[in-house]
Amino acid sequence: MAKQPQSTVAVNARLTKGSQKVLQLLEKRNSLSTAQEIHSLLRNEDESAPGLTTVYRALESLVALGLVQSVELGDGEKRFELVTPGEHHHHLVCERCRESIHLDQCLVEDLESAIKTKYGFAVTGHILEIFGVCKRCK
Ligand SMILES: [Zn+2]
Ligand SMILES: [Zn+2]
């Protein structure tokens with residue numbers, strides 16, 4: 001997951017129409033959204049919005065470009081959100097209301113270098129989401 005940071009503007013020029021629409025929506029939303037949610041929000045704005053398959057494909061290529069992060073919260077559904085190219089987020093997920101909070105730092109980077117030292121293992125990525133009950137639901 002340690003991708004080279006790249007300029008969002010330069011990448012934007014190479015994106016398909018569908019990808020640009022999805023990207024714009026995620027910019028406005030700034031929270032985890034499923035492909036279905038993204039699709040219906042786009043449809044609400046514009047009748048001629050891309051179909052669900054196009055939205056899926058757009059999300060895939062945005063993830064590959066490092067502009068969007070996909071997150072699994074253990075319910076079998078992928079959620080997506082915008083990230084700074086080359087960066088990633090971890091989340092605190094409430095099991096009652098499904099609300100998620102970004103952690104503002106990666107807690108795993110120190111662990112990764114410890115693993116490298118101890119096991120000689122070159123870590124290329126990690127997935128970490130933390131589940132529990134939020135302040136409001138407690
Ligand atoms: Zn909650
Ligand atoms: Zn991390």
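The largest nonpolar core of this predicted model has 15 residues. A nonpolar core here is a set of buried Ala, Val, Leu, Ile, Met, Phe, Trp, Tyr and Cys residues joined through C-beta atoms within 7 Å; buried means that 20 or more other C-beta atoms, placed from the backbone, lie within 10 Å of the residue's own. V22, L26, V55, L59, L62 and V68 have the most contacts inside this core. Two or more residues come from each of the elements tabulated below, and α4 gives the most, with four residues. Helices (H or I, at least four residues) and strands (E, at least two) are DSSP runs, numbered from the N terminus.

| Element | Residues |
|---|---|
| α2 | 17-29 |
| α3 | 35-45 |
| α4 | 52-64 |
| β3 | 78-82 |

Leaving aside residues up to four places away in sequence, L26 touches V68, F80, E81 and L82, where contact requires C-beta atoms, placed from the backbone, within 7 Å.

Residues are numbered from 1 along each chain as its sequence is written. Local features need pLDDT of at least 70 and side-chain atom pairs count only at pLDDT 80 or more, while totals for chains, interfaces and linings use all residues.

An automatic or database assignment divides the chain into domain 1 (1-86) and domain 2 (89-138). Their centres, taken over C-alpha atoms, are 21 Å apart. Six residues of domain 1 contact six residues of domain 2.

An open three-stranded sheet has the order β5-β4-β6, with mixed pairing; strands pair if DSSP finds at least two bridges between them. Strand β4 (residues 90-94) runs antiparallel to β5, joined by four bridges, and V93 stands opposite S100 in β5.

Definitions and conventions
Chains are lettered from A and ligands numbered from 1 in the order in which they are written. Two residues are in contact if their C-beta atoms, placed from the backbone, lie within 7 Å. A residue is buried if 20 or more other C-beta atoms lie within 10 Å of its own, exposed if 12 or fewer, and partly exposed in between; C-beta atoms are placed from the backbone.
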